[in-house]
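Please look through the model below.

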Amino acid sequence: MTDPDVALIVVAAGSSTRFGTDKLGVQIAGRSVLERAVTAVRAPFPDAPLVLVVRGDQVEQARARWEGLGVLVTAGGEHRQDSVKHGFTALNPGDDTVVLIHDGARPFVPREDVVRVTAAAAETGAALLVAPVVETVKRLRADGTVESTVPREKLARALTPQAFRAGVLRSAWEAAGDTFWTDEAALVERQGGTVVAVPGDSRNVKVTHPDDLALVAGVIPKRTRVGQGIDVHPFAADRPLWLCGIQLPGETGLAGHSDADAGLHAVTDAILGACGCGDIGEHFPPSEDRWRDAPSELFVRHALSLAAGRGWRVAGCDLTLIADFPRIAPHRGAMRARVAELLGLAPDDVNIKATTCEGMGFVGRKEGVVAFALVTLEPSANP
Ligand code: MG
C-alpha cells in the first residue's frame, strides 16, 4: 500500500479549568506540553498539513508562535467537537485523506503509534489508539458506595490521535446533526461505523492535573552533559598543600599561581567543559595578579554560576588523583565531603579515587600530582 495523504488536527482550545492555569503552556524539560504534542504527532509526517485549534483569544499569539513553522492556526468552538470541525474546515481534506485528531495535552505519543493508527485508518476508515485498563473498575452508587465490579477484559482507555478517512468523518457529521459526542470515534460508532482499536503506549498520557506533570517528567529522556577536567601541578617547598578543597597539614605543597589545588582545578575544568564554557585559564589567567594564592573554591564557584546561567546544575562528580605522594586515603572522606559541599551535592554524589604511578615518571618520582575529574550536569529546572 502506498502511503496515504495525511492531514493533522491538534486540538488545544480547552479552558484548562481542572489545571487552574494554561496547562498547554507549562514547560516540561524546556518545552511546552503543546509544543511536545505537536512535534510528537507530526514526527512521521513532517510535510503533512497541520492545523492547531486554539481558543479565540489565543489565535493571534499562536499564529505568531506557530505559523513560521508551517502550522495553520484557527479558532476553536464552544465544545471540543466544534473545535475539531473548525480544524477540519481549515484543512478541507479530500475524502481519502487520513485525518489525525490529536489532543494538545498529550505530549508523549510515540512515533510508531502514530504510524500504526494512521495505517489502520487508511485501511478501514476509522481507528484510535487505546491502552488497557489495568486497575479494577468499580461502578458506584450516588452515595459513594460500590454497586458492582465491572469486568475490565473488554475495556480500554481511548487515547489520541484518532484517525479517520475524511470522507468517513464528513458522512458521520452529516448523519449526527446537532447531537453531542465525546470524541470522533464515538461519533463514528454511533453511526454504525467500525472503529479499529490500535493498542498504544500507556505513557501517552493526557496532562490534566498539575500532579500529572510530576508523572510525565519521568517519561522524558533526561538531558545530561558530561565534562572532563585534567590538571597537573609540581610540588614546591614552603607552600601549604591544598587538594580537593582541604589543606593537608605538614605536607609539601604544590606550585602554582593560585593555591594550586589540582583537584579543584580539574573539577572546575570539568564543569566548564560540560556546559561549553571554555577552560580555567581563560577565566582566571595566571597573568592576573588578583588570582595569586587565591583559594581554588572561587574557581569552582564561578564555573557553577556559569553553568547555572546556561540552565545546568551538577548532578555528580568523579575525581581521580594520581599521586605517589602524599597518601590520599587518610584524607579521602574529608575531600569528598568538601567537594560535595562546594558542588551543592550529597557526599554520595561525589567520589574521590586515588592511584599511584608505581614509582614511574614524574608522579613516581614524587615531583607532582595529576587530577582527573568527570562532572555530570543536569538541567537546573525540573521537571
Ligand atoms: Mg591548575
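Predicted model: local features only at pLDDT ≥ 70, side-chain atom pairs only at ≥ 80, totals over all residues.

His 233 and His 265 are both buried.

## Helix α10

Helix α10 covers residues 297-309, which makes 13 residues. From first C-alpha to last, α10 reaches 18 Å, close to the 18 Å expected at 1.5 Å a residue.

Which residues of α10 are buried? They are Phe 299, Val 300, Ala 303, Leu 304 and Ala 307. These residues lie on the same side of α10, because they cover an arc of only 135° around the axis. Their packing partners are α8 (262-274), α9 (280-283), β16 (312-322), α11 (332-343) and β18 (368-379). After α10 comes Gly 311, with a positive phi near 85°.

## The seven-stranded sheet

An open sheet is built from 7 strands in the order β5-β4-β1-β6-β10-β7-β11. The pairing is mixed. At the edges stand β5 (71-75) and β11 (196-199). Each has a single partner strand, so one side of each is left without a neighbour in the sheet. On average, neighbouring strands are turned by 25° against each other, direction ignored.

Within this sheet, strand β1 (residues 6-12) pairs with strand β4 (residues 50-54). The pairing is parallel and spans 5 bridges. Ile 9 stands opposite Val 51 in β4.

## Helices on the sheet

Helix α1 (residues 33-42) packs on the sheet. The strands touched by α1 are β1, β4, β5, β6 (98-103) and β10 (156-165). The direction of α1 makes about 165° with that of β1.

Helix α2 (residues 59-66) lies across β4 and β5. Relative to β5, α2 runs at about 175°.

## Backbone details

Where do the cis peptide bonds described here fall? One runs from Thr 160 to Pro 161, with omega near 10°. Pro 161 is placed in strand β10, a strand of the sheet described above. Another runs from Phe 325 to Pro 326, with omega near -10°. Pro 326 lies in the loop between β16 and α11.

Asp 293 has a phi of about 60°, and its place is in the loop between α9 and α10. Lys 366 likewise has a positive phi of about 60°. Lys 366 is found in the loop between α12 (361-364) and β18.

Notes: Residues numbered from 1 in each chain as written. Heavy atoms only, no water. Helix = DSSP H or I, 4+ residues; strand = E, 2+ residues; numbered from the N terminus. Expected span 1.5 Å × (residues − 1). Buried < 20%, exposed > 50% of the residue type's maximum accessible area, 1.4 Å probe, protein only. Arc of directions from axis to C-beta. Contact = heavy atoms within 4.5 Å. Pairing = 2+ DSSP bridges. Axes fitted to C-alpha atoms, helices over the stretch in contact; angles between N-to-C directions.
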